Amino acid sequence: MREEAKIFSDTIVKFLNKEFSGVLDAVDTFPETEVNWRLYENIFKFAPCDDVFTLSDSVEILLKISTICAGISSIFAGQFALNKLSSSSQFNLSEPVALAFIDEGTRINKNEVSFSCILKDDHLFGEKRMVMGASVVDKAIVFVKSEKGVKCLLTYVKKKGVDVHPERTLGLRTSLPYRLIFNGVEPDRVFDIDTEQLINFAIIYDLLLFASSLGTAGTALDRAKEYALERYQGGNIIYNYGAVKALYIKNWIAVNNGIDMIKREAGKMDEGIRITPEEWAMLREFLRMKPVKAGLDAIQILGGYGYIRDYGIEKRFRDATSLVMLLENMWER
Amino acid sequence: MREVKIAFSKKRIEEIIERARDFNKNVSEKVSLEIDRRTLTDPHYFDWEVVKRGCEYGFLSFPIPRFMGGGGATVTEVAVLLEELSYGCAGIANIFGAHYLGLSGILMSFDLSIYDRFLREVVEGERKGVPVLFSAAVTEPTAGTDVENRELLLKAKLVTEARRVEGGFLLNGRKVFISNGSVAKYHVVICAVDRNSPLETWSGFIVPANSKGFSVGRVERKMGQRACHAGELIFEDCFVPEENNIGVVGKAMDMTEIVLAASRPPVAAIATGIARKAYDLALNYAREKGLMKNEKVQMKLAEMRAKIEMARAIYLKAGNIFDEFVYGKVAKELPLMEPFLKILNPLRRTSQFLKITSSRRWKGLTVRILERRIDREWVSVSLGFSSLAKFSASDIAVDVCLSALEIMGIDGIFWENEVEKCLRDAKLTQIYEGTNQLNRYEVFKNLVEV
């Protein structure tokens with residue numbers, strides 16, 4: 001990791017540990033219940049608006065932030081992916097924006113990317129889901145289809161014709177996920193975007209989400225190991241039982257292989273080597289259940305203690321699973 | 001491999017399923033998600049109305065013998081009921097499941113004084129619509145798996161002890177993760193009378209929730225099955241009279257093994273119910289979204305269906321083994337004796353008779369008769385199959401829920417679509433009633449190694 005990226009991730013981790021220790025647990029609830037605005041305003045202030053980090057750096061940063069909270073790292077994943085897109089296309093981001101990518105019709109294959117949200121007569125219609133932090137920032141980048149292909153729109157979120165609904169989700173609650181419903185809104189700016197750029201964006205976004213997912217699942221495993229090394233059962237340290245050790249090691253290998261793969265792909269992209277959607281779909285197929293199973297087995301190692309909120313393991317499982325599912329079924333296999 | 005013939009009364013099973021489905025339709029399905037939402041921020045919220053409605057369906061007295069006025073349900077029948085209730089809501093099903101677990105410690109003791117003093121209250125309360133809930137308190141803060149296995153118990157780090165004092169016992173210590181712990185009127189507490197000799201003094205006690213020296217500590221913030229509380233029980237010089245000792249001192253591990261053989265098929269059934277729910281949700285989703293022609297989805301749904309059928313077959317077999325060869329052998333004359341025992345109900349409940357049945361001598365005699373009748377070899381086989389059913393069905397439930405999530409993709413993580421709740425609920429079935437690792441070990445010890 002380059003020095004700038006290290007400083008950046010250390011700053012975020014320090015900030016989260018110092019300012020919001022304990023708060024992250026409180027905001028791990030449905031967004032309508034409690035929103036810590038100060039936390040999220042600061043998070044978005046941290047998010048860089050320029051493409052200052054390589055993809056490899058971004059992966060490292062997210063791996064580090066996700067050790068604290070995958071919800072927060074998923075917000076950064078969206079920002080980093082948008083910065084990559086802005087550097088390769090005509091639009092520039094001067095301030096943090098929310099990413100509105102996923103809708104019911106989001107499908108990605110080697111030739112095209114489609115959405116169910118549409119731009120018709122210069123007005124935006126449809127529904128975007130899991131828009132993280134949409135109530136904190138003023139604007140969102142929205143991906144839509146139009147008669148002239150896919151467009152990328154910049155629109156104010158807090159305006160007439162945009163309904164903002166909190167999402168109730170399995171995990172990633174700390175990312176403040178919202179559903180945006182556009183009822184014929186006139187976007188503030190419209191950008192053309194070609195298919196290759198868009199496919200590339202989707203791959204980068206998913207790759208960054210996977211980095212967060214593997215990062216948080218890996219932390220769950222580490223915590224489980226710490227627990228197993230401290231606690232006794234039948235007069236022996238839990239970790240000394242073969243059944244427990246096997247659970248840990250099997251998942252540790254899977255998660256660390258996954259992280260290595262993600263890093264390798266990020267490195268290739270930094271060198272300008274293109275990853276095709278088929279290649280990513282294959283890699284994704286291989287990786288997808290690894291963080292989920294690691295999270296489940298981390299809970300299992302702790303038993304009842306893993307199932308309650310206090311140890312933070314079940315949250316990591318929920319977050320890891322949600323991250324994997326965000327773009328699940330959107331890739332043509 | 002021992003062959004076991006499975007026999008059921010089809011009519012009775014159909015009647016149980018019908019009753020549970022009616023409850024799901026009229027009660028569980030209306031409140032399940034709302035309870036899940038409320039308990040996310042308020043773990044103390046408990047919907048008593050659901051339990052009261054359960055009284056109308058005879059759920060609280062379901063396994064209590066008929067001569068006591070209960071439903072006389074076998075383990076297999078309890079399991080069938082719980083599968084169906086879990087289809088509606090696993091958390092709600094577990095309120096009744098945990099209650100049955102508490103009752104099973106009493107039922108398997110054949111301790112008449114305890115029957116007459118406590119089971120009677122459940123039956124009479126149910127008739128009046130006043131639920132009397134039980135809990136089973138075994139797990140300790142530093143001993144979960146340990147207290148469910150004979151070998152591990154010897155080295156367990158125990159914190160709870162029932163010291164013998166004049167006229168009874170003085171309980172000190174803590175029990176944790178106790179389902180129904182914060183809402184039960186009576187707790188069936190299993191602990192050592194002497195922590196230095198846990199196996200030899202492992203004993204069962206009934207502790208009323210209003211006992212002096214007893215209090216409820218924290219109510220856990222769980223990932224799933226939140227309709228059913230998991231509470232901490234604290235005992236500080238809590239006096240328990242002699243007559244509340246279930247059976248006799250030192251016999252509780254024998255009893256625990258029988259109770260576990262009886263309680264694991266119902267846990268497997270809970271897991272099966274959750275899996276069925278997840279399967280139906282994914283199937284409906286696939287139909288709505290036009291995914292039924294997608295071969296990958298077809299294969300997934302077929303596998304899910306097959307796994308659910310396997311889970312059900314396994315728990316039915318395990319339940320049947322218990323009913324036929326453990327309980328059936330101990331209580332083979334019970335059906336014939338029930339009319340006679342029913343006539344004796346008023347006499348048995350007189351203070352003079354209760355004095356006799358509460359005496360150490362009577363209890364000791366009951367235990368000796370039981371010991372002669374219990375076939376330990378069959379207990380071992382039954383425990384093996386129950387453990388096999390428990391870990392297989394709960395692993396299947398988690399697998400099926402994950403498959404449902406994969407079919408639904410991002411829609412699967414939304415609370416209102418319920419599949420994510422199924423996954424959260426299913427995970428707990430791999431943990432409670434002995435972790436799946438312990439259950440695998442039980443299968444090895446009781447079915448493989450022998």
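Me: Which residues line the second largest cavity?
Reply: This is a predicted model. In it, that cavity is lined by B:Ser32, B:Ser86, B:Tyr87, B:Gly88, B:Cys89, B:Ala90, B:Ile274, B:Lys277, B:Glu418, B:Lys421, B:Cys422 and B:Asp425. The elements that give two or more residues to this lining are helix 3 (75-88), helix 8 (252-288) and helix 15 (419-429) of chain B.

Me: What volume does the second largest cavity have?
Reply: About 70 Å³. By class, its lining has five nonpolar, three polar and four charged residues.

Me: And how much space lies in the largest cavity?
Reply: About 90 Å³. The structure holds seven cavities of 30 Å³ or more.

Me: What lines the largest cavity?
Reply: A:Arg309 from chain A, plus B:Thr39, B:Leu40, B:Pro43, B:Val219, B:Glu220, B:Arg221, B:Lys222, B:Arg226, B:Cys228, B:His229 and B:Ala230 from chain B. Five of these lining residues are nonpolar, two are polar and five are charged.

Me: Switching to pockets. What is the volume of the second largest pocket?
Reply: About 640 Å³. Its lining has 29 residues. Those nearest the centre are A:Arg107, A:Glu328, A:Asn329, A:Met330 and B:Leu291.

Me: Which elements give two or more residues to that lining?
Reply: From chain A, strand 2 (107-108) and strand 5 (123-132). From chain B, helix 9 (295-330) and helix 14 (376-408).

Me: How do the residues of the pocket lining divide into nonpolar, polar and charged?
Reply: Ten are nonpolar, five polar and 14 charged.

Me: Before I go on, what ipTM does the predictor give the complex?
Reply: The ipTM is 0.96, and the pTM is 0.96. Chain B has a mean pLDDT of 94, and 98% of its residues reach 70 or more.

Me: OK, strands. Why is strand 3 of chain B largely enclosed by the rest of the structure?
Reply: Because ten of the twelve residues in strand 3 (residues 168-179) of chain B are buried.

Me: How many bridges join strand 3 of chain B to strand 2 of chain B?
Reply: Five, and the two strands run antiparallel. Strand 2 of chain B covers residues 161-165.

Me: What about the hairpin they form, how many residues are between the strands?
Reply: Two. B:Gly167 in this hairpin takes a positive phi near 80°.

Me: And how many bridges join strand 3 of chain B to strand 7 of chain B?
Reply: Nine, again with an antiparallel run. Strand 7 of chain B spans residues 230-241. There, B:Phe239 is the bridge partner of B:Leu170.

Me: Now strand 1 of chain B. Which residues point one way and which the other way?
Reply: B:Phe134 and B:Ala136 point one way from strand 1 (residues 134-137) of chain B. B:Ser135 and B:Ala137 point the other way, and all are buried. In a regular strand, side chains alternate between the two faces of the sheet.

Me: In which sense do strand 1 and strand 4 of chain B pair?
Reply: Parallel, over four bridges. Strand 4 of chain B covers residues 186-192. B:Tyr186 of strand 4 of chain B stands opposite B:Phe134.

Me: Helices next. Which residues are buried in helix 10 of chain B?
Reply: B:Leu334, B:Glu338 and B:Leu341 are buried in helix 10 (residues 334-343) of chain B. They cover an arc of only 80° around the axis, so they sit on the same side of helix 10 of chain B.

Me: What's exposed on the other side of helix 10 of chain B?
Reply: B:Leu336, B:Phe340 and B:Ile343 are exposed there.

How values were computed:
Residues are numbered from 1 along each chain as its sequence is written. Chains are lettered from A and ligands numbered from 1 in the order in which they are written. Side-chain values use heavy atoms; hydrogens and water are left out. On a 1 Å grid over the protein atoms alone, a cavity is a set of points where a 1.4 Å probe fits but cannot get out, and a pocket is an open set with protein on both sides within 12 Å along at least five of seven lines; lining residues have an atom within 4 Å of a point. Grid points are joined across faces, edges and corners, and a volume is the space filled by probe spheres set on the points. Ala, Val, Leu, Ile, Met, Phe, Trp, Tyr, Cys and Pro count as nonpolar, Asp, Glu, Lys and Arg as charged, and the others, Gly among them, as polar. Buried means under 20% relative accessible area, exposed over 50%, partly exposed in between (1.4 Å probe, protein chains only). Two strands pair if DSSP finds at least two bridges between them. pLDDT is the predictor's confidence in each residue, from 0 to 100. The arc is that of the directions from the helix axis to the C-beta atoms.
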